[in-house]
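Subject: Handover of a structure, with notes

Dear colleague,

I am passing on the structure below, and after it I set out what was found. Please read the notes alongside the coordinates.

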Amino acid sequence: MTSANTLQARTPDEAYEFAAPFRAPQGSPIRELFKYVGRPGMISFAGGYPSKDLFDRDGLGRAIDAAYRSDPIACLQYGDTAGAPALRRSLARLMGARGVECDSDDIVVTTGSQQGFDLLVRTLIAPGDTALVEEPAYPAAIQALRLAGANIVTVRTDSDGIDVDALAATLDAWSEPGRPKLLYTVPTFANPTGATLPRARREALVRLAVRHRIVLVEDDPYGELRFAGTPVPPILALADACPGGRDWVVYFGSLSKIVAPGLRIGWALAPAPIARRMIVAKQTSDLCTSPLSQEAARHYLDSGSLESHLRTIAGAYRSRCGALLKALTHFAPADIEFCAPQGGMFVWARLTGGRDAGDVLKRAIERNVMFVPGTAFFVRDADASSLRLSFAAPSEAEAFEGARRLASALSGN
Ligand code: PMP
């Protein structure tokens with residue numbers, strides 16, 4: 001070790017006078033679990049990773065080749081902060097297929113949808129501002145708000161997502177200073193609950209957003225991974241039917257779960273005043289999303305491969321989810337309760353008898369199986385008996401074996 005390193009190691013954290021949200025930072029509890037994922041024989045229901053054996057490797061390889069060969073300079077040079085015009089046109093067509101009419105100029109390409117939400121938070125939230133978040137919620141959304149110093153107020157959910165009546169009552173009775181500025185939700189195949197918000201609740205949410213002037217954030221990375229039930233339009237598609245609705249909805253899309261997260265391509269559709277400010281924030285964040293990635297994504301989308309790829313992955317996820325739920329019912333019928341999702345990547349479960357999922361996780365890891373304890377998805381008062389199981393990565397045979405090991409961890413045998 002060099003003397004410089006030794007000195008660095010001895011400098012206490014306080015010496016750096018970090019900004020308040022970073023003084024005692026908590027890393028992502030899910031990322032902490034990753035050290036076990038690579039262990040030989042581990043069956044992981046933990047990650048929100050798409051299945052590695054379902055990537056369209058050939059199709060993406062061709063798209064990357066075609067992007068570079070057809071315009072190497074566009075791939076190598078800096079690009080527009082708002083995104084490459086050709087990709088924005090392709091994404092506008094994709095949004096049209098999802099029932100959202102938009103102009104390609106309305107789309108802001110982001111480096112994953114995670115960046116999109118972070119940019120939005122930067123433009124709206126100053127320390128102390130109130131943000132509403134469904135609970136349980138996607139931890140990185142909670143974290144983005146925490147790091148911005150937001151006052152996070154949780155919104156109750158049930159097996160159909162946000163309890164809109166409870167939310168309406170809360171908003172109507174709001175007496176605290178500082179009304180909420182935004183509401184974050186994953187309305188379709190939520191992370192972590194797998195729940196999908198019914199159409200009537202979506203429409204009611206838009207009306208509430210307009211009435212209370214709250215930016216309604218629709219985070220939609222999983223919406224096209226449906227393998228059962230009837231499609232529900234995105235909130236943004238329903239917003240036009242409510243006067244002023246479109247002015248209060250910000251939509252985030254992503255290619256991460258439907259194509260590949262390594263591309264780091266997401267996009268935002270936001271009212272113009274918000275989009276303009278997000279672009280200003282992006283200028284100091286990364287100048288532009290990787291043009292090489294954007295060109296590759298554009299070639300992939302324009303190749304027409306996405307539709308059949310979506311059928312392939314949704315079909316595989318249907319089988320994997322079915323195998324997991326069947327095996328859980330078979331091996332641990334009295335120990336675990338869950339709701340069957342109609343798509344996405346997650347099953348939200350609860351251990352019976354008030355058992356603590358964190359304790360069970362320790363025994364599960366000894367048996368080479370993993371999941372994420374539900375506490376990771378709560379802002380304050382966590383339900384310690386809840387857990388999230390991702391069925392995307394394990395094969396059907398692994399799902400079966402993983403459920404057997406989980407049952408053994410639950411029974412202590
Ligand atoms: N939102 C949700 C609900 C997610 O689950 C994820 C990824 N786990 C993201 C956003 C971020 O996705 P991206 O790779 O597009 O940044």
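To begin with the contact between the two domains, 25 residues of domain 1 are in contact with 27 residues of domain 2, where two residues count as in contact if their C-beta atoms, placed from the backbone, lie within 7 Å. On the side of domain 1 that touches domain 2, helix 14 (306–331) and strand 11 (346–351) each supply at least two residues, and the largest share, six residues, comes from helix 14. By class, this side of domain 1 has 16 nonpolar, seven polar and two charged residues; here Ala, Val, Leu, Ile, Met, Phe, Trp, Tyr, Cys and Pro count as nonpolar, Asp, Glu, Lys and Arg as charged, and the others, Gly among them, as polar. Helices (H or I, at least four residues) and strands (E, at least two) are DSSP runs, numbered from the N terminus.

Please keep in mind that this is a predicted model, in which local features need pLDDT of at least 70 and side-chain atom pairs count only at pLDDT 80 or more, while totals for chains, interfaces and linings use all residues. Residues are numbered from 1 along each chain as its sequence is written. The protein chain averages a pLDDT of 94, and 97% of the residues score at least 70, pLDDT being the predictor's confidence in each residue, from 0 to 100. For the complex, the predictor gives an ipTM of 0.99 and a pTM of 0.95.

As for the domains themselves, the protein chain is divided into domain 1 (22–54 + 308–411) and domain 2 (73–303), with bounds that come from an automatic or database domain assignment. Their centres, taken over C-alpha atoms, are separated by 25 Å. Separately, an unreviewed UniProt entry places the feature "domain: Aminotransferase class I/classII large" at residues 70–406; UniProt positions are given in the numbering used here, feature names are shortened, and annotations may be inferred rather than shown by experiment. The end C-alpha atoms of residues 70–406 lie 50 Å apart, and the span is 42% helix and 18% strand.

The ligand is surrounded by 13 residues, of which the closest are G112, S113, Q114, S254 and S256; a residue is near a molecule if its C-beta atom, placed from the backbone, lies within 6 Å of it. Helix 7 (residues 112–124) gives the most to this shell, with three residues. By class, the shell has four nonpolar, eight polar and one charged residues.

Turning to the sheets, an open sheet of eight strands has the order 2-9-8-7-6-3-4-5, with mixed pairing, and two strands are taken to pair if DSSP finds at least two bridges between them. Strand 2 (107–111) and strand 5 (161–162) stand at its edges, each with a single partner strand, so one side of each is left without a neighbour in the sheet. Within this sheet, strand 7 (residues 215–219) and strand 8 (residues 249–254) pair in the parallel sense over four bridges, and V217 stands opposite V250 in strand 8. An open sheet of four strands has the order 10-11-14-13, with antiparallel pairing. There, strand 10 (336–338) and strand 13 (372–373) stand at the edges, each with a single partner strand, so one side of each is left without a neighbour in the sheet. Strand 10 pairs with strand 11 in the antiparallel sense over three bridges, and I336 stands opposite L351 in strand 11.

Some backbone details may be worth checking in your viewer. A cis peptide bond joins E135 and P136, with omega about 0°, and P136 lies in the loop between strand 3 (130–135) and helix 8 (139–147). Another cis peptide bond joins N191 and P192, with omega about 15°; P192 is placed in the loop between strand 6 (182–185) and helix 10 (199–212). F189, in the loop between strand 6 and helix 10, has a positive phi of about 50° although it is not a glycine.

With best wishes
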